[in-house]
Amino acid sequence: MSRYEELDATALRNAIQKGERSARQTILEAFERIDALDPALHVFLNTQRQAALARAGELDQRLAAGEKPGALFGVPVALKANMCLAGVETNCGSRILAGYRPPYTATFVQRLLDAGAIVVGMTNMDEFAMGSSSENSAFGPTRNPWDPSRSPGGSSSGSAVAVAAGMVPLALGSDTGGSVRQPAALCGIYGFKPTYGRVSRFGLIAFGSSLDQVSPFARSTRDVELAMSVISGLDENDATCFPEPALEPEATPDASSLAGLRVGVPKEYFPDVLARDVRDRCEAAIQRLRDLGAQIVETSLPHTQYAIPTYYVVATAEASSNLARYDGVRYGLRADGDGTLQGMFAATREKGFGPEVKRRILLGTYVLSAGYYDAWYGRALKVRALLRRDFEQAFEKVDVIVGPTSPTAAFRLGEKADDPVAMYLCDILTTPVSLAGIPGLSVPVGFVEDGGRKLPVGMQIVGPWKGDARVLRVARAYEMATEYAKAAPPMAALVPPKNPAATKTVSSGEGASRGART
Amino acid sequence: MSTTATKWVPVIGLEVHCQLDTHTKLFCGCAYRFGAPPNTLTCPRCTGQPGALPVLNREALTLAVRTALALGADVAPWSKFDRKNYFYCDLPKGYQISQYDRPFCSGGGITLPSGKRVRLTRIHLEEDAGKAVHDRGDTTLVDLNRSGVPLIESVTEADMTSSQEAHDYLTALKEILQYIGASHCDMEKGELRCDVNVSVHPEGEPWRAKVEVKNVNSFRFVQQAIDHEIARQIEAYESGDPSRYPVQETRLFDSAKGVTRTMRSKEDAHDYRYFAEPDLPPVHVDAAFIERQRSFLPELPAARRERYQKAFGLSPYDAGVIVSHRALADFFETSVRLSGKPKECANWITNEILRAFGEPDVGVASVDEMAMKPNDLAEMIALIEKGVLHNNAGRQLLRAMMKTGKRAKALVEELGLAQVQDAGAIEKWCRDALVGKDAIVADVKAGKTNAINALLGPVMKASGGKANPQVVRETLLRIIEKGA
């Protein structure tokens with residue numbers, strides 16, 4: 001029997017369903033892994049050990065009683081700390097929401113639970129999902145399992161690392177401008193941002209409402225599909241969620257072939273800032289797609305250079321409004337200030353928000369202000385329409401578009417922390433897709449070497465509006481032809497010496513690194 | 001100095017918020033009830049919990065569209081919601097979802113009884129805020145029950161020139177909204193709230209600075225606030241001291257003193273940073289939907305008033321009184337259909353029913369609470385017509401019906417209200433009454449028939465009020481003439 005950390009969600013579910021392992025044993029192994037690695041990686045803001053064990057025991061009983069298991073039966077999952085699960089602290093990586101326990105459960109979380117998933121905890125993130133490195137979390141950064149001196153990317157840092165380090169096979173993040181795709185690339189796993197509207201946002205704490213999308217991390221494309229089949233589909237609680245039923249994989253006569261597929265490669269996605277070795281890995285991946293039968297077509301997305309400024313106007317404008325509710329009146333932190341109402345608002349927000357959140361609230365407030373709206377927010381909306389049109393025109397001639405997910409592999413913590421603009425450039429290849437509302441999947445395409453460490457590289461596969469299943473089909477064929485997604489980070493060095501007593505429930509209780517291939 | 005006084009022309013516009021009478025709030029499934037214990041009618045959406053999203057209430061849109069149609073406004077084929085951003089403790093999201101540049105309708109208006117036309121600029125849909133309670137010691141308490149309740153804000157053109165016109169406009173608007181079931185417009189419950197815009201200028205000159213007066217929460221206060229503003233502004237201009245001239249500002253009406261005072265100047269005006277609400281897609285309204293809503297509109301008050309005068313011969317006053325309340329008008333109309341006696345129905349309603357409302361021994365405050373049905377009134381009128389009841393007994397019966405809701409016939413029986421038809425009994429009471437009244441008999445015989453009135457009372461008393469006064473009168477005359 002394979003070790004817990006080697007199994008993807010589909011395999012775990014199958015094993016539990018067949019009685020090869022119990023849900024309870026699975027959860028115990030998940031927590032053993034979490035206990036071993038979290039001190040070094042700082043993935044979780046809180047864990048739900050007792051609740052998860054109780055639920056696992058209950059699921060085992062239900063299975064024994066003959067209940068038909070759901071699609072994620074017994075699968076441990078992690079949630080980004082901006083997702084609501086009634087009664088469980090979710091603080092968005094912010095002091096202003098420290099201790100906040102939502103009174104309701106998000107639609108997509110409820111769907112996970114209904115499918116039999118077990119929530120093990122809430123993961124670390126850049127505060128309010130604003131950041132690309134985890135360094136904006138009020139509770140300290142998360143570390144990249146491939147090199148703990150480096151960032152795992154962000155903002156869904158903890159969820160990405162939870163999956164990459166084998167703590168859970170599946171985790172949810174949220175992607176506003178690249179917050180799932182970029183950490184997936186930097187951690188060597190899959191991160192899929194669906195078409196905007198595919199997954200209900202009800203219960204996802206908003207950053208940029210017109211951009212936010214719940215997005216899964218996984219170690220296999222079939223797990224991405226599995227997660228999407230559970231969490232997607234119409235929800236009457238979210239008026240922006242479109243009416244299609246849950247996402248189904250695209251039917252294809254030969255999943256390993258891409259014959260007839262037209263793959264667009266936009267020249268704008270290979271800019272000067274792109275690291276040489278990252279470019280090489282992506283070009284090799286594109287060659288592999290050609291080998292699989294795809295036709296490679298050079299294409300152009302001429303307004304790409306405006307995506308970053310447009311994104312930082314649109315997202316911050318929405319954020320300035322979305323974050324207005326953190327005023328100390330109803331929940332979260334309250335600082336009294338000078339005792340007046342305005343004083344309480346100001347003191348609460350001054351004390352509760354970190355510097356990056358404040359920067360973005362100020363920026364967003366400015367671009368919506370009377371006299372500046374037309375020049376900033378109004379203009380950004382127009383450029384957003386041009387970016388959308390770029391994609392529409394490109395997709396008249398190609399079926400998918402590919403390019404690097406991130407211009408570099410994982411960077412060192414602290415490297416960009418004092419340079420917001422350098423940090424914003426991490427999103428240069430993901431924000432156009434977000435602004436267009438179309439699906440994008442980051443796929444592991446190999447490694448680069450830096451300082452004696454192997455660091456993963458991700459390639460983004462972008463589909464047209466609602467073309468989610470097509471994106472996943474291309475990734476599936478690439479996955480079948482390569483081994484990159486199966487590589488696990490070298491984490492043995494991170495694990496403190498084992499206490500044998502703690503491993504008695506685990507079948508083979510040694511070694512924390514996933515797989516022997518590294 | 002000029003000897004002719006300047007003729008000042010007031011310019012008045014109104015912004016009226018009305019609470020839509022929906023089953024649930026505008027963007028969530030909470031019901032709203034005035035006076036419910038604080039924070040008991042709330043959910044994650046209307047308390048602004050992180051991650052909660054608004055979902056538009058179709059019933060609110062339906063009522064809004066009916067309002068637009070009743071006011072002759074153009075319903076926009078598409079409209080959108082916007083966020084109005086400001087901080088206040090009763091505003092849970094830090095923004096109000098409203099409509100800024102694409103309201104659901106524009107145009108329309110109301111013709112006042114005077115014939116004056118007041119045009120509407122626009123009407124938009126928005127959510128209400130909660131309530132901040134400041135008078136409980138040194139803390140402020142927040143009640144979010146009202147948060148998210150649907151409002152329509154209607155904005156008039158500055159077409160009115162007197163407080164009376166403003167009053168007439170509000171009265172007509174309230175009637176129409178009540179008629180179409182869009183709003184109860186009960187000002188005491190905050191279901192209708194009014195902001196007033198007032199300026200004055202010398203006749204023939206351009207308009208001058210406009211003052212907005214907020215917090216005017218009764219029709220009488222609207223009139224007072226307007227009259228006070230007009231007088232204040234004219235006095236300020238006529239002082240000749242430019243430093244006292246009115247400036248564009250927002251003022252608050254102090255109902256205790258009947259005056260307005262500065263709330264904030266133009267410089268302090270909020271920058272609401274409106275932008276399109278990303279959580280709600282634009283609202284599309286097609287022609288079929290509009291026509292369907294039009295088909296639900298009842299006959300509106302102005303048309304009804306005219307019909308009651310023309311078809312039923314009611315006086316303008318009676319027609320006005322009856323039409324002012326839709327339930328009353330519906331009661332009237334059904335009574336007329338059942339009795340065939342419009343005048344009698346109108347008289348009983350205006351003279352007796354309305355008067356009895358609020359009297360402690362009747363215990364019914366309005367037609368909505370009244371258990372009596374139109375067929376009871378019709379039956380009572382028929383009983384009077386047939387001579388079974390006289391008017392006084394009818395009045396007694398009416399009050400009993402209002403109070404108990406029992407059927408007319410049962411009550412006539414129960415209360416013994418039917419008139420005595422027994423001629424022998426009446427003759428005996430009359431003969432008893434004539435004993436020792438020779439002076440009256442002499443007067444009657446001398447042609448002063450009115451002298452007989454002095455005898456009616458005793459006879460009626462003897463009958464327990466059940467004799468028909470006309471029969472008593474005739475009987476007395478007959479006995480006297482026969483020289484008994």
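**Exercise 1.** State how many helices and strands chain A of this predicted model has, and decide whether chain A is as compact as a globular protein of its length.

*Solution.* Step 1: the secondary structure of chain A consists of 15 helices and eleven strands. Step 2: for 518 residues the globule rule gives 24 Å, and the radius of gyration of chain A, 22 Å, is close to that, so chain A is as compact as a globular protein of that length. Step 3: the extent of the C-alpha trace of chain A along its principal axes is about 65 × 65 × 50 Å.

**Exercise 2.** Describe burial and the sequence range of contacts in chain A.

*Solution.* Step 1: a residue is buried if 20 or more other C-beta atoms lie within 10 Å of its own. In chain A, 59% of the 518 residues count as buried. Step 2: take the contacts in chain A between residues at least 6 apart in sequence; 76% of these join residues at least 24 apart.

**Exercise 3.** Characterise the side of chain A that touches chain B.

*Solution.* Step 1: chain A contributes 33 residues to the contact and chain B contributes 26 residues. Step 2: at least two residues of this side of chain A come from each of α9 (307-322), α10 (341-352) and α11 (355-368). Step 3: α9(A) provides the largest share, three residues. Step 4: sorted by class, this side of chain A has 18 nonpolar, eight polar and seven charged residues.

Conventions: Residues numbered from 1 in each chain as written. Chains lettered and ligands numbered in written order. Predicted model: local features only at pLDDT ≥ 70, side-chain atom pairs only at ≥ 80, totals over all residues. Helix = DSSP H or I, 4+ residues; strand = E, 2+ residues; numbered from the N terminus. Rg over C-alpha atoms; globule rule 2.2 N^0.38 Å. Buried ≥ 20, exposed ≤ 12 C-beta atoms within 10 Å, placed from the backbone. Contact = placed C-beta atoms within 7 Å. Nonpolar A, V, L, I, M, F, W, Y, C, P; charged D, E, K, R; others polar.
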